[in-house]
Amino acid sequence: MAGGQERILRGRIQSMQATKKITRAMELIAASRIVKAQQRVEAAVPYSEQITEVVRDLSAAGASSESPLLAGRDEVKNKCYVVITADRGLCGGYNTGVQRAAEGEIKADVVAGKGYEIIPVGKKAEAYFRFRGYTLGQAFQGFSDNPSYADAKAIGQHVVALYASGHVDSVELVYTRFISAGSQEVVLRPLVPLQRDTVEGGDGKAGSTDGSGSDYEFEPDPTTILDTLLPRYVEARVYAALLNAAASEHAFRQRAMKSATDNAEELIKNLSIIMNRARQDSITTEIMEIVGGAEALGSGKDEQVRYVELDLDAAFGGSSAGHPAPSTTPTGDVQTAGSIAVEERSNTNTTTDSPDAGENI
Amino acid sequence: MANVMTVEVVSPEKVLYSGEATMVITRTIGGGEVAFQPGHVAFLGALVENHTRVFLADGSTEDVAVHGGFVEVSDNKVSILSDAAELGTNVDIERARAAKQRAEEVLRHEHDAEAISALGRAHARLNAAGASF
């Protein structure tokens with residue numbers, strides 16, 4: 001029935017409008033948070049630059065520490081992946097990008113006969129790898145969109161302990177690097193052991209190469225400083241990665257929600273067109289029925305023509321006040337000719353109330 | 001010789017302080033308090049919880065509670081790196097006092113490394129804030 005379709009379409013448009021409001025709100029929230037997250041990424045740069053510089057100065061000064069964090073292992077049997085994703089979805093390909101990159105590496109390791117350990121950061125990574133039956137290490141979550149240094153510290157300490165205990169032989173970070181609001185990329189960066197190129201690489205930037213080994217005074221001795229410094233350095237790296245990931249998450253979410261809003265608008269537009277067409281169709285059908293009914297009656301009696309006009313009004317006004325319902329018609333065989341024709345007939349049969357109703361209109 | 005130097009106090013979350021100063025006093029692990037003046041030789045040190053004082057070029061003093069970290073001096077620039085540092089003016093004195101009492105309470109019964117460092121932090125905070133104990 002045409003009217004039913006129109007009602008269904010109206011419902012769909014309404015739900016689409018509600019969805020659009022939600023996605024629009026999420027888009028605006030994400031857009032405002034990108035700026036804040038970006039500022040935090042920038043605010044963390046001085047510290048990570050300075051600490052990188054200190055590490056470089058120390059190694060330039062010949063502080064060849066025995067620290068296990070600096071010395072790579074000859075044979076890498078177990079690799080650890082710190083996979084940084086969001087706690088929530090609705091951010092486009094953000095989570096899947098990171099997960100896929102990590103999963104690819106892990107599969108390659110399994111093929112090569114190596115062990116792996118996954119440290120999922122963010123609920124999405126945990127859910128993804130748990131569902132696929134990977135064995136997981138300790139999970140960290142609940143801070144993906146606004147990480148604090150304490151969160152990075154917890155992850156850093158856990159990773160350093162894992163490495164120091166010999167449980168894993170190398171640790172890699174998988175996260176999304178924030179380049180600008182318009183571009184982010186999934187990166188895989190070695191975290192532990194710290195190699196020279198890792199140290200200089202910093203957070204994906206080429207380090208300055210003027211490792212001028214100026215003569216430093218150390219207090220206490222260089223080795224002790226390095227030993228206390230390296231865990232801090234790992235934490236700073238993790239922190240930078242978390243901030244990058246958070247900024248990327250907001251950027252991805254903003255883009256995803258923007259296209260969702262656009263799609264909703266498009267759908268609303270298309271559905272409105274279809275709905276209007278359906279409404280027009282049902283009106284046209286009704287007119288056709290009326291005209292057909294009038295013609296079927298054939299005879300050119302003025303009185304009957306007048307009644308037809310009245311019924312037209314009733315059809316468009318929607319309320320058929322005063323008119324007897326078609327079911328009350330005594331002549332059931334005429335029903336197929338259309339409701340209007342039936343009312344015509346019934347009007348002629350019960351001529352008492354119909355003209356009054358016409359005057360009321 | 002230049003009589004001022006650049007001082008930066010940097011925490012992972014932000015640059016707490018940056019400016020010109022004539023002297024910086026801080027405390028290294030095992031080495032006691034150490035002061036830097038312009039033209040100091042290149043220096044690297046690990047810090048304990050302490051009350052770091054930065055004597056600014058205009059004669060005033062900036063007090064910072066530094067909870068561990070590092071100090072690097074090179075090219076007439078002092079950088080203090082700390083995962084947790086706060087300016088004396090930002091210290092919540094009541095909270096620091098409460099933390100100090102809590103730590104002292106624990107230490108009365110047992111020797112707890114965490115409580116000792118908590119006490120150290122509370123002292124550094126209160127000193128930096130210039131508050132009485």
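The contact between the two chains takes 23 residues from chain B and 25 residues from chain A, where two residues are in contact if their C-beta atoms, placed from the backbone, lie within 7 Å. On the side of chain B that touches chain A, the elements giving two or more residues are strands E2 (15–28), E4 (43–56), E5 (61–74) and E6 (77–81) of chain B. E4(B) gives the most to this side, with 4 residues. The residues of this side comprise 12 nonpolar, 7 polar and 4 charged; Ala, Val, Leu, Ile, Met, Phe, Trp, Tyr, Cys and Pro count as nonpolar, Asp, Glu, Lys and Arg as charged, and the others, Gly among them, as polar.

The model is predicted: local features need pLDDT of at least 70 and side-chain atom pairs count only at pLDDT 80 or more, whereas totals for chains, interfaces and linings use all residues. Residues are numbered from 1 along each chain as its sequence is written, and chains are lettered from A and ligands numbered from 1 in the order in which they are written.

Strand E5 (residues 217–219) of chain A runs parallel to E4(B) and is joined to E4(B) by 3 bridges; two strands pair if DSSP finds at least two bridges between them. Within E4(B), Phe43(B) stands opposite Glu217(A).

Chain B contains 2 helices and 7 strands, in the sequence order β-β-β-β-β-β-β-α-α. Helices (H or I, at least four residues) and strands (E, at least two) are DSSP runs, numbered from the N terminus. Of the 133 residues in chain B, 38% are buried, that is, 20 or more other C-beta atoms lie within 10 Å of their own.

Conventions. A residue is buried if 20 or more other C-beta atoms lie within 10 Å of its own, exposed if 12 or fewer, and partly exposed in between; C-beta atoms are placed from the backbone.
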